[in-house]
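Good morning, colleagues. Please look at the sequence and the model on the screen, and I shall then take you through a few residues in turn.

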Amino acid sequence: MAFSHNPKITSSDLRLYIDPADLNSHGSGTELNDLSGNGWTDNIGNSSEITFTGNPTHISDTGAGGYFYYTNSSYTDWATTDFSISAWGNRDNYTSDAQGRFCDLLYAGNGHLRLTLKGAPTLLFRPTGGGGNTLISGGSTTAGNWYNVVVTKSGTSSGGSADYVLYVNGEQVATNTSSALVTDSNFQRINVLYSSDDDNSSITWDGLFGPLSIYTKVLTPLEVKDNFNALRKRFNI
């Protein structure tokens, strides 16, 4: 299907896009369909924990286990692909970093690539059975407020260094060059509001959640700003 969206955001190289306020994204019950047209299969776990609320609509999740996940037979090797992740969220509290996972790009047995909303938003790569590698972290956020967090990665050599840029509400807040590049491939699944650690402990979101978009390109600072401006009035920013 063709990409459908309102209001307009950058659609070039958009790999996954969900938006609770877009009726085109609404599936059965509280399921959110991908609007990018890239063949993702939509799934929902513990749907009773997720509700649609507000006008415009956003997701409310109590942190008790509601989540979405998206699978695709055609994998993206994030280790050798430029990418950008943009997410909107408003956490109820910052009691636990584990309850702030925007999304987790993963494939069973091949590690995790996680974007987390906390005091300083963070993108972390955690190889299977290994410790976490912070790829970039920065900025400042507080519970009870809406934020748009964007991270971009430039670097297509698996095992080499990559350049990361982090934005909060349209403004650049951090840059980093890291040699702790994602080295796993075959990332055929994207978890939203949830990630499972190697010990199978549940990591869930606690708060409100808005649009999520993932690109296979580096968004320019202007595109990040334009995307933020296209949606900021929805969240009274």
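This is a predicted model: local features need pLDDT of at least 70, side-chain atom pairs count only at pLDDT 80 or more; totals for chains, interfaces and linings use all residues.

Leaving aside neighbours within four places in sequence, which residues is L16 in contact with? They are D34, S36, W40, Y70, I190, L212, S213 and I214.

L16 itself belongs to strand β1. The residue counts as buried because its relative accessible area is 0%, where the cut-off is under 20%. Consider also the pair L16 and T216: 200 residues separate them in sequence, yet their C-alpha atoms are 9.4 Å apart in space.

Let me turn to one of those contacts, D34. It is located in the loop that runs between β1 (14-18) and β2 (41-45). D34 is buried but has no salt bridge; R15, the nearest side chain of opposite charge, is 7.3 Å away.

Setting aside residues up to four places away in sequence, L212 touches L16, Y17, I18, I85, S86, A87, C103 and V192. In the largest nonpolar core, which has 40 residues, L212 is among those touching the most other members, together with I85, F102, L123, V192 and L193. Apart from that core lies another, of 16 residues, including W146, Y167, Y215 and F235. As a general point, nonpolar side chains in soluble globular proteins tend to be buried together.

Thank you for your attention.

Technical notes. Residues are numbered from 1 along each chain as its sequence is written. Side-chain values use heavy atoms; hydrogens and water are left out. Helices (H or I, at least four residues) and strands (E, at least two) are DSSP runs, numbered from the N terminus. Buried means under 20% relative accessible area, exposed over 50%, partly exposed in between (1.4 Å probe, protein chains only). Lys and Arg count as positive and Asp and Glu as negative; His and the chain ends are not counted. A salt bridge is a side-chain nitrogen of Lys or Arg within 4 Å of a carboxyl oxygen of Asp or Glu. A nonpolar core is a set of buried Ala, Val, Leu, Ile, Met, Phe, Trp, Tyr and Cys residues joined through side-chain atoms within 4.5 Å. Contact means heavy atoms within 4.5 Å.
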